[in-house]
Amino acid sequence: MAETKSDQGSPSLFSPYKMGKFNLSHRVVLAPMTRCRAINSIPQPAMAEYYAQRATNGGFLITEGTMISPTAAGFPHVPGIFTKEQVEAWKQVVDAVHAKGAIIFCQLWHVGRASHEVYQPGGGAPISSTGKPISKRWRILMPDGSHGIYPKPRPLTTAHEIAQVVEDYRQSALNAIEAGFDGIEIHGAHGYLIDQFLKDGINDRTDEYGGSVANRCKFIVQVVQAVVSAIGADRVGVRISPAIDHLDAMDSDPLSLGLAVIERLNKLQLNSGSKLTYLHVTQPRYTAYGQTEAGRQGSEEEEAQLVRTLRKAYQGTFISSGGFTRELGVEAVAQGDADLVSYGRLFISNPDLVLRFKLNAPLIRYNRSTFYTHDPVVGYTDYPFLSNGTSGNVPQSRL
């Protein structure tokens with residue numbers, strides 16, 4: 001039997017939740033995940049099936065990172081939302097999800113320096129806050145399936161280039177609404193462009209966008225303000241990861257950085273008289289390729305406390321993500337550490353993850369080697385539902 005509340009009457013992972021103007025039937029969210037199935041950056045019919053498979057009545061889905069401009073790509077065959085053809089193709093995906101009674105946001109994405117000349121118009125250098133490349137500790141997935149070295153990026157100039165990127169976010173938000181999305185998520189996490197401005201381990205600018213934490217927050221504030229002015233705060237979510245070093249995105253004081261961003265988001269909400277839909281924060285335990293990395297600072301309790309502090313500071317719906325199991329998700333909601341919990345890898349191999357969680361049923365093991373292939377079926381829409389048999393199931397503790 002599906003649980004709805006704990007013995008103490010606290011909210012449950014499976015109890016309803018009102019997220020702004022959206023009424024959710026449960027608190028299990030599909031996290032944004034790059035899957036590389038949008039051939040030539042155009043959403044394909046298989047994507048409509050993929051998202052519809054993971055949609056539930058009253059459920060909430062966030063799309064994979066979606067390019068806001070031709071310079072935004074850092075993976076092969078990722079979708080965009082800056083051309084008419086892309087917008088029209090997304091409509092099929094949105095319609096399929098809405099037919100299941102679910103809500104879907106489009107994640108707006110620019111990878112910044114986490115790119116390569118092969119993905120850039122005219123073979124130019126990737127743009128960033130900095131001229132420093134990502135270290136050789138990391139590798140970029142190339143169009144032929146090999147892995148390359150991240151090149152030296154070109155820092156954006158203050159005069160007009162940053163304003164143009166802000167405009168790209170604004171226009172992409174309008175395009176997402178035209179495609180039928182219920183809202184958008186601004187991807188300000190995981191070492192991508194916005195995070196490259198936020199983190200002092202990357203941002204070495206000496207102008208108004210660098211140096212102090214206030215200056216480093218300026219870009220994300222401008223993006224949020226532009227998008228909110230275009231589509232309304234109640235259709236906008238923001239994702240940040242102040243304590244994560246993915247793609248060398250390190251900061252000397254992640255707690256202060258997170259609180260500084262939240263302070264500005266709270267102020268923006270107060271001034272506009274309307275709340276953002278949510279803040280989405282990735283747990284520090286999230287690491288590259290899902291592996292625990294040596295040298296990570298801080299105990300699990302310290303990391304949990306950091307997220308709790310951010311959660312208490314933010315005045316609105318708080319989504320947490322990063323390495324959650326069913327048990328950790330149940331605990332996070334019951335203890336008030338999160339309103340909603342987003343799941344990535346487990347949702348890839350378990351399209352009916354919500355049902356499996358409710359029943360505490362075994363989970364299907366995911367195949368990491370097919371995460372970023374371009375096949376429209378294999379490793380994408382071919383994972384079985386409970387009703388289609390459960391061969392290959394393994395206990396969650398072994399995933």
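Author: β4, helix α2 (residues 84–99) and β5 form a right-handed β-α-β unit. Right-handed means that, with the strands pointing away from the viewer, the path from the first strand over the helix to the second runs clockwise. Helices (H or I, at least four residues) and strands (E, at least two) are DSSP runs, numbered from the N terminus.

This is a predicted model: local features need pLDDT of at least 70, side-chain atom pairs count only at pLDDT 80 or more, and totals for chains, interfaces and linings use all residues. Residues are numbered from 1 along each chain as its sequence is written, and side-chain values use heavy atoms, without hydrogens and water.

Now the pairing. Strands pair if DSSP finds at least two bridges between them. β4 (residues 60–67) runs parallel to β5, joined by 6 bridges. M67 sits opposite W109. β10 (residues 183–188) also pairs with β5 in the parallel sense, over 4 bridges. There, L108 has I186 as its bridge partner.

Next, burial (under 20% relative accessible area, 1.4 Å probe, protein chains only). 7 of the 7 residues of β5 (residues 103–109) are buried, so the strand is largely enclosed by the rest of the structure. In a regular strand, side chains alternate between the two faces of the sheet. Both faces of β5 are covered. One side holds I103, F105, Q107 and W109; the other holds I104, C106 and L108.

Finally, contacts (heavy atoms within 4.5 Å). Leaving aside neighbours within four places in sequence, I184 touches F105, C106 and L108, among others including A173 and V227.

Terms used. Buried < 20%, exposed > 50% of the residue type's maximum accessible area, 1.4 Å probe, protein only.
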